[in-house]
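I'll jot down what I look up, one topic at a time.

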2 protein chains.
Amino acid sequence: MSSPYCGHGRTHASRETLAFGRARGHIAAHMSATLLRLDPSRAQPSLEPMVQLVTGDMNMVNAVILSRMQSEIPLIPELAGHLIAGGGKRMRPMLTLASARLLSYTGTRHHRLAAAVEFIHTATLLHDDVVDGSDLRRGKRTANLIWGNPASVLVGDFLFSRSFELMVEDGSLKVLGILAGASAIIAEGEVNQLTAARRIDTPEERYLDIIGAKTAALFAAACRVAAVVAERPEAEELALDSYGRNLGIAFQLVDDAIDYVSDAGTMGKDAGDDFREGKATLPVILAYARSTGDDRIFWKAAIEGHRNRDEDFARAIELVRTTRAVDDTLARARHYGQRAIDALGIFANGKAKDAMIEAVEFAIARAY
Amino acid sequence: MSSPYCGHGRTHASRETLAFGRARGHIAAHMSATLLRLDPSRAQPSLEPMVQLVTGDMNMVNAVILSRMQSEIPLIPELAGHLIAGGGKRMRPMLTLASARLLSYTGTRHHRLAAAVEFIHTATLLHDDVVDGSDLRRGKRTANLIWGNPASVLVGDFLFSRSFELMVEDGSLKVLGILAGASAIIAEGEVNQLTAARRIDTPEERYLDIIGAKTAALFAAACRVAAVVAERPEAEELALDSYGRNLGIAFQLVDDAIDYVSDAGTMGKDAGDDFREGKATLPVILAYARSTGDDRIFWKAAIEGHRNRDEDFARAIELVRTTRAVDDTLARARHYGQRAIDALGIFANGKAKDAMIEAVEFAIARAY
């Protein structure tokens, strides 16, 4: 099974795929449950309850996605299909569907909107891989590698336009406003990240701004639109927004931590991508802040791109360990994960809420 | 004065700037007015009446554009401003404003929508220059050359999202549908063009499909939304759509013809861009269809990228002349230009209509 979290932004999802493998496989077996998870009573958090919860709805969403990525220009469905059919578990549309279920929504508007959310996400992934020059995503060759950057840029634009057409068909200006706003914030966050690239002096606040925009904004919007179609009071809209946003931040923090979790076996092959690309993620920011002398010089040089041999990464792993930078990145993730869970407090207990809580726990547990 | 037509798609607008110079300058002086223009009674068609017509409104649009391209991320206004402030004459928003004037619309909604139209256009230009690897636009260095492809892709995404935010603020689902639809068609046309690249066997129909999508769709939508905000009957909406669409096609045909109008002096520096990039524009399609033997082999090799020396371009110029391929490209342009003018037939005569008619004549006259 590949990753249910379609990592967004500059992260390499092939790594996420492995991360998921870890959570499910040998790493999960070693994990210190009572120490690390939010709810120690749950033996092994899983995304499965959420997947089960929305199976029927997701089939409808997939039908919308398939029909609306078609075009008379064959390259469009070919390229879009490579990514859309390519192993992602539709985390964002799943959040829309689970949120609708939480609210006992019985209509069908969320199917179209969940597809729109997935199109926005897919468009962003296509552009991200061009921006990063990535050649692997979810363990497969990227679209830009196969069809070139021009095709990826333009098919991304097409999917983005198509997502707005889907929203217009839904007919809610409120939904349009939420998703147009999220799209602008995502793009702003991507530019922010670009200008922070290779800067060891990126403050934690700026890093949080970036992941809040590039990852959490769409998680938040995906959840929030469910409250709009279900015509629920603003307090519930905001609660779902908060759930999605905090889950998104927690997810990204864990993803960034995983890059510095070394393993001699299969895992090592994907860990270190962020390091080699000079990304000032939180583990680096914390390790740098807690270092002195030669170590500081090492981090600066590494993020500027002058330390990308295997032994450099080994030293980085050692430094994030001794400074507890990964531990504290994960502590931050647990903080946001707890906030996500608490945001659900106003909703009635039940299967949907349980599944949404467990999804947060799962997002965090996959780091261990 | 730089070009009032911000050429879209794969055309190099630096060439357009010169083309405009030609129409205004020595070429215009040589032009055979009675033969070439749609209305021989007008000595020298100009865009000036349309510019004058909308001056006050355009100041409002510029204020919206300036305020809405701002962001806390400094690179965004910096990069967007380079292109937006950089010599374009805002042809598409001008069409929205002129159309609103034609309908005697007295509100202010069109200011925001004209800005949205310009943002869509600017986003497309940024992505086009990345796709084409262009280094000059409107005689200036392109954003991708200065800030790199990643920044251009992401700021394009930002402007595109911002344009939808502007439309959402306007609050008309109908307008949103028109512009979201146009955006999807533009992207589809760009992908279509990409897959037709370097193919000498591109049929005229496919070429017309491409320019109808990548250039004419936004011209049409820019005009049409004016009828929506002015709450006019569908017949007027469709008439304005038709005006914009046919003007857009005529404009692009002329632009593609200009690439094969050689001049030993200043002009030669920009003519030939399409040829060297292997673009199967209509002059090439017609010349190829009318050639035999070695000339066909030459065209095929040229479009596939194996004939890009100056003497090859000289031969191409000679072939499009002897086959009358440029003449007939311009004849096609006049056909669409005439249709644009006839689409205005249902509207009352007056300054606005005169200016819109003269804009069509101007678009065509700039080729001579």
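Predicted model: local features only at pLDDT ≥ 70, side-chain atom pairs only at ≥ 80, totals over all residues.

**Helix α8 of chain B.** At 1.5 Å a residue, its 24 residues should span 34 Å. Next I looked up how covered α8(B) is: 23 of its 24 residues are buried, so I'm noting the helix as mostly covered.

**α5 against α8, within chain B.** I then looked up how helix α5 (residues 55–68) of chain B packs on α8(B). The angle came out at about 60 degrees, with the axes 8 Å apart. That makes α5(B) oblique to α8(B). I also looked up the hand: α5(B) passes α8(B) in a right-handed crossing. For the residues involved, I listed Asp57(B), Met60(B), Val61(B), Val64(B), Ile65(B) and Arg68(B) on the α5(B) side. They meet His111(B), Arg112(B), Ala114(B), Ala115(B) and Glu118(B) in α8(B).

**How the two copies relate.** I superposed the chains next. Chain A can be laid on chain B with an RMSD of 0.0 Å, using a turn of 180 degrees and a shift of 0.0 Å along the axis. That is the relation of a two-fold axis. The same surface serves both copies, as 100% of the contact residues of chain A recur in chain B.

**The interface.** How many residues of chain A are in contact with chain B? I noted 35 residues of chain A, in contact with 35 residues of chain B. On the chain A side, α6 (75–84), α8 (109–132), α10 (149–170) and α11 (173–196) each supply at least two residues. The largest share of that side, 14 residues, comes from α11(A).

I found α8(A) packing with helix α10 (residues 149–170) of chain B at an angle of about 155 degrees, with their axes 9 Å apart. The cut-off is over 145 degrees, so I'm calling α8(A) and α10(B) roughly antiparallel. The crossing of these two helices, α8(A) and α10(B), is left-handed. The contact uses His127(A), Val130(A) and Val131(A) of α8(A), plus Pro150(B), Val153(B), Leu154(B) and Asp157(B) of α10(B).

**Chain A overall.** I counted secondary structure: 19 helices and 2 strands in chain A. Buried residues make up 60% of its 368 residues. I also checked the contacts in chain A between residues at least 6 apart in sequence, and 76% of them join residues at least 24 apart.

**Two arginines with positive phi.** Arg90(A) has a phi near 60 degrees, a positive value in a residue other than glycine. I placed Arg90(A) in the loop between α6 and α7 (91–102) of chain A. Buried or exposed, I wondered, for Arg90(A)? Arg90(A) has 23 C-beta neighbours inside 10 Å, so it counts as buried. Arg324(A) isn't a glycine either, and its phi is positive at about 60 degrees. I found Arg324(A) in the loop between α17 (310–322) and α18 (325–343) of chain A. With 14 C-beta neighbours inside 10 Å, Arg324(A) counts as partly exposed.

Notes. Residues numbered from 1 in each chain as written. Chains lettered and ligands numbered in written order. Helix = DSSP H or I, 4+ residues; strand = E, 2+ residues; numbered from the N terminus. Expected span 1.5 Å × (residues − 1). Buried ≥ 20, exposed ≤ 12 C-beta atoms within 10 Å, placed from the backbone. Least-squares fit on C-alpha atoms with pLDDT ≥ 70 in both. Contact = placed C-beta atoms within 7 Å. Axes fitted to C-alpha atoms, helices over the stretch in contact; angles between N-to-C directions. Parallel < 35°, antiparallel > 145°, perpendicular 65-115°, else oblique. Left-handed = near helix turned anticlockwise from the far one by under 90°.
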